[in-house]
Amino acid sequence: MHTKKRYLMVCTNEREEGHPKGSCARCGSVNVYDRFKQLVDEKELKEKARVLESSCLDLCADGPIVCVMPDNIWYSGVRVEDVEEIVDSHLGHGEPVERLLVPEEPAGLSLS
Ligand code: FES
């Protein structure tokens with residue numbers, strides 16, 4: 001039985017420098033992941049959400065990519081300074097941060 005309300009996945013995939021696809025780790029996603037872990041702990045949200053590292057989520061050009069399940073909410077271009085807003089609004093109150101949502105038809109992602 002699942003005990004968490006949400007699972008937040010941060011892509012920390014890394015490709016070599018100059019790879020045409022790029023990668024989230026080369027865009028700072030490891031620091032984003034660390035900040036999520038730190039804030040979920042500090043704000044005592046561990047009962048509500050678990051932060052996980054993920055391999056590639058197929059939206060490499062728009063990284064760092066963060067996905068929140070089971071809400072099926074996807075964030076792109078997430079910076080360390082954006083993390084607290086996601087933690088407070090989405091993980092704390094269930095309200096996604098609109099300004100960081102993946103555009104409606106991102107390349108490589110189809111939910112239909
Ligand atoms: S490397 Fe992060 S989505 Fe592909």
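View 1. Four strands line up as β2-β1-β3-β4 in an open sheet with mixed pairing. At the edges stand β2 (49-54) and β4 (73-75); each has a single partner strand, so one side of each is left without a neighbour in the sheet. On average, and ignoring direction, neighbouring strands here are turned by 20° against each other. Please keep in mind that this is a predicted model. Strands of a sheet pair through backbone hydrogen bonds, in either a parallel or an antiparallel sense.

**View 2. Strands β1 and β3 side by side.** Here residues 6-11 make up β1 and residues 66-69 make up β3, and the two strands pair in the antiparallel sense over four bridges. To find your way, look for L8, which has V68 of β3 opposite.

**View 3. From β3 across to β4.** Three bridges join β3 and β4, again in the antiparallel sense.

**View 4. The turn of the hairpin.** How many residues lie between the strands in the hairpin of β3 and β4? There are three, and N72 takes a positive phi near 55° in this hairpin.

How values were computed. Residues are numbered from 1 along each chain as its sequence is written. This is a predicted model: local features need pLDDT of at least 70, side-chain atom pairs count only at pLDDT 80 or more; totals for chains, interfaces and linings use all residues. Two strands pair if DSSP finds at least two bridges between them. Axes are lines fitted to C-alpha atoms, for helices over the stretch in contact, and angles run from 0 to 180 degrees between N-to-C directions.
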